[in-house]
Amino acid sequence: GYFVKEMVGEDVTLEHFQRTGFKNPIIVKEKAGLHIKIPDTTFTITDVRNLVGGKRILEVMNCATQSNAEMTLKDWEEFFTAPDRDNTKLNVISLEFSHTKLDSYVVAPRVVRQIDFTDNIWPRHLKEMQEDTTNDMSRMLYPKVQKYCLMSIAGCYTDFHVDLGGTSVWYHVLRGRKVFWLIPPTPANLKAFEHWTMSGKQSDVFFGDLVERCGRVELHPGNTFFIPSGWIHAVYTPIDSLVFGGNYLHPYAIERQLRVAQLEETLKVPHKYRFPFFTEMMWWVLDRYCYHLLGRHHMAMDE
């Protein structure tokens with residue numbers, strides 16, 4: 001498709017990101033060479049429930065209305081696996097499972113771990129002090145957006161959006177299929193996206209029709225997909241799907257990350273849908289650059 005570069009796992013390296021700045025989406029058909037860890041294909045939503053715990057509260061999106069409701073993982077798993085379920089198109093896209101028993105089953109591609117600010121810049125002891133497995137902001141000690149389990153019912157659609165804080169995304173389809181529409185974050189496209197979001201006419205106007213070019217890519221089981229910072233994308237799920245992924249800020253997209261944070265401010269995105277501690281992270285990043293360039297630190301650790 002437009003924009004999307006197909007690569008083999010062993011070529012998706014730190015050197016490649018340094019050379020290209022990771023400007024275009026990348027699809028990798030087979031995970032060999034990515035140094036990623038993912039459960040095997042026999043893994044199901046029932047395993048997700050058993051490892052995360054049936055009492056975990058999920059935010060579930062009703063695709064018909066693009067609005068959210070809450071449900072326990074136990075109820076979700078029962079609905080998802082029911083042979084005679086109704087045809088409500090429900091989508092779980094915000095189950096972050098770090099610090100649960102599922103955590104150790106999933107490891108991000110090596111290149112992501114090498115550049116992710118949360119792994120490399122955020123004070124390590126704060127991340128290690130994290131105990132809460134939910135995404136309750138009041139109990140969060142680091143930006144807890146690194147490991148998501150996405151469970152979608154056939155027919156789900158997530159309308160055009162930009163990932164929180166201009167984060168980049170890695171995305172691995174374990175079962176099912178996904179169709180992405182992708183729009184590059186040019187100044188004109190981001191402005192058009194701002195106007196479209198502000199207009200309140202999202203349900204009447206397909207954003208893809210408002211821009212010059214819109215790429216499309218289909219993902220199948222075993223595929224891994226990398227979306228760069230700021231890309232405006234929509235997702236359709238043709239059949240029941242189970243996906244693992246994660247969000248990260250990194251040094252090759254600092255400008256775009258700041259531009260998206262500014263856009264979120266303009267659009268008054270609720271804080272629960274923004275990158276946690278974005279501003280604090282930027283101060284730590286700045287401190288790290290100062291240290292490497294000038295040899296001194298400027299941040300004090302207040303517990």
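1. L58 stands opposite M71 in β4. Strand β3 covers residues 57–62 and is joined to β4 by 6 bridges. The two strands run antiparallel. Strands are DSSP runs of E with at least two residues, helices are DSSP runs of H or I with at least four, and both are numbered from the N terminus. Two strands pair if DSSP finds at least two bridges between them.

2. Before going on, a word on the model. It is predicted: local features need pLDDT of at least 70, side-chain atom pairs count only at pLDDT 80 or more, and totals for chains, interfaces and linings use all residues. Residues are numbered from 1 along each chain as its sequence is written, and side-chain values use heavy atoms, with hydrogens and water left out.

3. What is the strand order in the open sheet of 9 strands? The order is β1-β2-β11-β8-β13-β6-β5-β3-β4. Its pairing is mixed. β1 (5–7) and β4 (67–72) are the edge strands, and each has a single partner, so one side of each has no neighbour in the sheet. From one strand to the next, the twist averages 25 degrees. Angles here run from 0 to 180 degrees between N-to-C directions, and axes are lines fitted to C-alpha atoms, for helices over the stretch in contact.

4. Helices lie across this sheet. Helix α2 (residues 45–52) lies across β5 (90–96), β6 (148–152) and β13 (241–248). Its direction makes about 140 degrees with β6. Helix α3 (residues 73–81) lies across β3, β4, β5, β6 and β13. It runs at about 100 degrees to β4. Contact means heavy atoms within 4.5 Å.

5. Now the open sheet of 4 strands. Its order is β7-β12-β9-β10, and the pairing is antiparallel. The edges are β7 (156–161) and β10 (215–219); each has a single partner strand, so one side of each is left without a neighbour in the sheet. Neighbouring strands are turned against each other by 15 degrees on average, direction ignored. β7 and β12 (residues 232–237) pair over 4 bridges, in the antiparallel sense. In this pairing, C156 stands opposite T237 in β12. Helix α7 (residues 187–199) packs on the sheet and touches β7, β9 (178–183) and β12. The direction of α7 makes about 115 degrees with that of β7.

6. Two packed helices are described by the angle between their axes and the distance between the axes. How do α7 and α8 pack, by angle and by distance between their axes? The angle is about 20 degrees, and the axes are 11 Å apart. The two helices are therefore roughly parallel. Angles under 35 degrees count as roughly parallel, over 145 as roughly antiparallel, 65 to 115 as roughly perpendicular, and the rest as oblique. α7 passes α8 in a right-handed crossing. A crossing is right-handed if the near helix is turned clockwise from the far one by less than a right angle, and left-handed if anticlockwise. In α7, L190, K191, F193, E194 and M198 meet R259, L263 and T266 of α8. By class, this contact has 4 nonpolar, 1 polar and 3 charged residues. Nonpolar covers Ala, Val, Leu, Ile, Met, Phe, Trp, Tyr, Cys and Pro; charged covers Asp, Glu, Lys and Arg; the others, Gly among them, are polar.

7. α8 packs with α9 too. Their angle is about 155 degrees, with axes 12 Å apart. That makes α8 roughly antiparallel to α9. This crossing is left-handed. I254, Q257, L258 and A261 of α8 make the contact with F278, M282, V285 and Y289 of α9. The residues divide into 7 nonpolar, 1 polar and no charged.

8. Is Q257 buried or exposed? Q257 counts as buried, at 0% relative accessibility. Buried means under 20% relative accessible area, exposed over 50%, and partly exposed in between (1.4 Å probe, protein chains only). Q257 is found in helix α8. It touches F117, G165, G166, S229, L249, H250 and F278, leaving out residues up to four places away in sequence.

9. Two loop residues deserve a look. Most residues other than glycine have a negative phi. H99 has a positive phi, near 70 degrees. It sits in the loop between β5 and α4 (110–115). H99 counts as partly exposed, at 29% relative accessibility. K268 also has a positive phi, near 50 degrees. Its place is the loop between α8 (254–266) and α9 (278–294). K268 counts as exposed, at 69% relative accessibility.
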